[in-house]
Amino acid sequence: MNARRKAVVLGGHGMTGVKVVRLLESRGWDVFAASRRTGVDLLSGEGVADAMRGAEVVVDATNVPAYDEETLRTFFARAAANIIPAARQAGIRHHVVLSIVGIDTLPHITYAQGKIAQEQAVVESGVPYTIVRATQFFEWLGVMADDFTKADVAAVPDAYLRPVAIDDAVAALVDVASAPPINGVVSVAGPEENTFETWIQRYFDLTGDKRTCITSKEAAYAGGKLEQRSLVPEQATITGAQSFEHWATSATGKAVLAGINVA
Ligand SMILES: NC(=O)c1ccc[n+]([C@@H]2O[C@H](COP(=O)([O-])OP(=O)(O)OC[C@H]3O[C@@H](n4cnc5c(N)ncnc54)[C@H](OP(=O)(O)O)[C@@H]3O)[C@@H](O)[C@H]2O)c1
């Protein structure tokens, strides 16, 4: 009998990571969900080498644990300084990193600086890799709406979004992790591109939220200005199957829109 393939999911208890763990397990992988909850601290390095021992694939679905400038700028690079030597030592055959479409074009945004450093570290690591850049998740529209809201008006950037269902992004991530590394970038986006304003207003309409959404040339995204097409891929490598309407009427979509945590 063949031994089961082992994968380590860094950030395996986060919003995305928990779904990656479940899907890999359902496809027969032996999976270790690594985070501080399971004794793996990517900043101190504690538990990282042990977590990777015997693994073939690492999927990095981590995110910053806090939103202060220092953490935003340094978390991913500091984590990479522990992840990469451990991955080399364990002979990892495929290092998959979850990133964001367009992130490389936004170096004036502190969070993007962190993600760019994360991508760069993997590219230069010598460990075979694939970077999966996804667009914003449907599940994230409400969080974005709140970020832009002042006094019942959400003033959003003059930009386009092409959001994707988190389950579709996770399926793409797991497909990539199960295939050979490409040492390059794969982009994942939903089926529809529309303006930021249209997406947020649609979210308000669906949830019966009385706020309104307007476009503002002054609106900053994570502290920085966007170009109109900063966050959409010119050509998505993988297009998520679920339209927004399909997602909104699915069990997951209904729960998210009702404010229920579905992780
Ligand atoms: N949200 C979106 O729309 C979207 C779109 C595209 C890409 N992404 C990317 O998706 C990734 C995951 O985002 P998410 O929202 O799913 O993250 P999340 O829910 O905030 O989860 C972050 C994970 O990182 C772990 N973590 C944090 N600090 C750690 C440390 N020092 N050591 C070990 N583990 C640590 C956390 O576990 P513990 O706290 O237990 O340690 C948790 O499991 C991000 O990199 C983001 O850029 C997000």
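Guide: Helices (H or I, at least four residues) and strands (E, at least two) are DSSP runs, numbered from the N terminus. This is a predicted model, in which local features need pLDDT of at least 70, side-chain atom pairs count only at pLDDT 80 or more, and totals for chains, interfaces and linings use all residues. Residues are numbered from 1 along each chain as its sequence is written, and side-chain values use heavy atoms, with hydrogens and water left out.

Visitor: Where does A151 lie?

Guide: A151 sits in the loop that joins strand 6 (149-150) to strand 7 (153-156).

Visitor: Is A151 buried or exposed?

Guide: Look at relative accessible area: under 20% is buried, over 50% is exposed, and in between is partly exposed (1.4 Å probe, protein chains only). A151 has 76%, so A151 is exposed.

Visitor: What is the phi of A151?

Guide: Most residues other than glycine have a negative phi. A151 is not a glycine, yet its phi is positive, near 50°. N183 is another non-glycine residue with a positive phi, about 50°. N183 belongs to the loop between helix 6 and strand 9. Its relative accessible area is 45%, so N183 is partly exposed.

Visitor: How many salt bridges does the count come to?

Guide: A salt bridge is a side-chain nitrogen of Lys or Arg within 4 Å of a carboxyl oxygen of Asp or Glu. The count comes to 15. Take R211 and D146: their side chains meet at 2.9 Å, N to O. R211 is in the loop between helix 7 (196-207) and strand 11 (212-215), and D146 is in helix 5 (residues 141-148), so this pair ties together parts 65 residues apart in sequence. R211 has 12% relative accessibility, so R211 is buried. D146 is partly exposed at 48%.

Visitor: Which parts does the pair R202 and E192 tie together?

Guide: First, the bridge: the R202 and E192 side chains meet at 2.7 Å, N to O. R202 is in helix 7 and E192 is in the loop between strand 9 (184-189) and strand 10 (194-195), so the parts they tie together are 10 residues apart in sequence. E192 is partly exposed, with 24% relative accessible area.

Visitor: Where do E69 and R73 lie?

Guide: Both are in helix 3, 4 residues apart, which is about one turn of the helix. E69, E70 and R73 are linked in a salt-bridge network. E69 is partly exposed at 47%, and R73 is partly exposed at 37%.

Visitor: At what angle do helix 1 and helix 6 pack?

Guide: Helix 1 and helix 6 (residues 166-178) pack at about 55°, with axes 9 Å apart. Under 35 degrees is roughly parallel, over 145 roughly antiparallel, 65 to 115 roughly perpendicular, and the rest oblique. The two helices, helix 1 and helix 6, are therefore oblique.

Visitor: Which residues form a nonpolar patch on the surface?

Guide: Patch residues have over 30% relative accessible area and no salt bridge; nonpolar side chains (Val, Leu, Ile, Met, Phe, Trp, Tyr) are joined within 5 Å, like charges within 9 Å. Here the patch is M15, Y67, W140 and V143, with about 370 Å² of accessible area together. Areas come from the Shrake-Rupley method with a 1.4 Å probe; for residues, only the protein chains shown count as cover. M15 lies in the loop between strand 1 (6-10) and helix 1 (17-26). M15 is partly exposed, at 36% relative accessibility.

Note on methods. Axes fitted to C-alpha atoms, helices over the stretch in contact; angles between N-to-C directions.
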